[in-house]
Each structure stands twice: as C-alpha cells, then as structure tokens.
Amino acid sequence: GNANVRDDSRYSDTWVYGNVLIEPEEAGNSQIVHYGGDSGDTEGYRKGTLHFYNNTIVSERSGNTTLVRLSSPSESADIRNNIVSVGGTLGLVAENGDVELRGNWLQPGWVNAIESSTGVIQDLGGVSGADIGFVDAAGHDFRLVAESPCIDAAVDLEAEGTSVDRSINNAGLVTARPYDGALDCGAYEYTP
C-alpha cells in the first residue's frame, strides 16, 4: 500500500532465480508462485514481469500443482531454465497474464492450466527427458548427475537480466556457482 514503493520504476520487474522450492504433500495451497497482488485493489498490483530463472521446483503433492498464478492481465512471467518436478499433474498458469517458457525441464504431461485461465502461454522450447537426473530426490539432494539432460541445456538470460552466479548449498551457505561456459537448468550447476 506504500505509494513510494509502487511508484519506483523497479516495482514492475521481479527477479527470482537460483532457488530450490519444495512443496510438501500436506501444503494447503497448490500454487508455487503467486505474482502481482492479492488485495483485490488492482491499482497496487505489480503490473510487470516476473523473471523466474534457474530454479528447481519440486512438488511432493499427489494432486495438481500450478507453477504460477498471475493476478491480472497486466502481469507476465518469463520462465527460463527451471526444473519443475511434481507428483501429480503440472499446470503452468492460473488466472491471467502471459507466460513465455524457454529452456525449462517440465514434468512430462504438463498442461497449460488446471483451473480456468485467460493467459497466453508461449512455449519457445525446452529440455526433454523422462528423468531429470537428481542425485537423491527422496533425500532432497537436487544436484544433477552426469547423465542429466539438464546439463548445458539452459538458454541465454535477458540482456538486462542478472547473471546466475551464486548457489545455496545443502548447508544453507551461499557459494559461487561453477561455470564451464554453458549454464545448466535448475538451481545447481553440475560439478563432477
């Protein structure tokens, strides 16, 4: 509700990158990300772009999971280089707004929307394969194994975008993300 925040030119661009997001089976809400606003007063909504890069998203729900809910037609999402693995059906968007997909590994059998949606999804290509190649998904070790189709499969980020050069390790410490000249999908860069 603060006009100084809303009027800042940076308010309409949100950068979310390099995260591991886990939704347990018993979590109440089936949406991973809700972007824009939820007050009902759309004047204060972000009305901009969610830049969602190099995240690893794992939903342990056996039911439906929606990746992103955009609150109004004025919100959009640029979703690149993520790994999205769910236990049930994956829907990409709920409600409104437009989504562009690039370089993601998405759960096979994903659908545009589980609930009604007026948004437009542009699938500009991604990574395929039945198995992501996590070190130990059951133990929540989401680093990649050498055979993963996600290695060196990421696409370029936006020119004005930030670089994905840091990671959080399993101990919660921020470390430099190794880089061998080609970015991997997901929150972790493969290291032998």
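Let's start with Thr 56, which is buried, at a relative accessible area of 1%; buried here means under 20% relative accessible area with a 1.4 Å probe, protein chains only. Before going on, a word on the model: it is predicted, so to speak of local features we need pLDDT of at least 70, side-chain atom pairs count only at pLDDT 80 or more, and totals for chains, interfaces and linings use all residues. Residues are numbered from 1 along each chain as its sequence is written, and side-chain values use heavy atoms, with hydrogens and water left out.

Thr 56 belongs to strand β5, residues 56-59; strands are DSSP runs of E, at least two residues, numbered from the N terminus. What surrounds Thr 56? Beyond its neighbours within four places in sequence, its contacts include Asn 19, Phe 134, Phe 142 and Gly 186, where contact means heavy atoms within 4.5 Å. Ala 187 is also on that list, and its backbone nitrogen sits 2.8 Å from a polar atom of the Thr 56 side chain.

Now over to strand β6, residues 65-70. Five of its six residues are buried, so the rest of the structure largely encloses it. Which strands pair with β6? One is β3, residues 31-35, parallel to β6 over four bridges, and pairing takes at least two DSSP bridges between the strands. There, His 34 faces Arg 69 of β6. Another is β9, residues 90-95, again in the parallel sense, over five bridges. In that pairing, Leu 70 has Glu 95 of β9 as its bridge partner.

Note on methods: Buried < 20%, exposed > 50% of the residue type's maximum accessible area, 1.4 Å probe, protein only. Polar contact = N/O pair within 3.5 Å; in protein donor to acceptor, adjacent residues only side chain to side chain.
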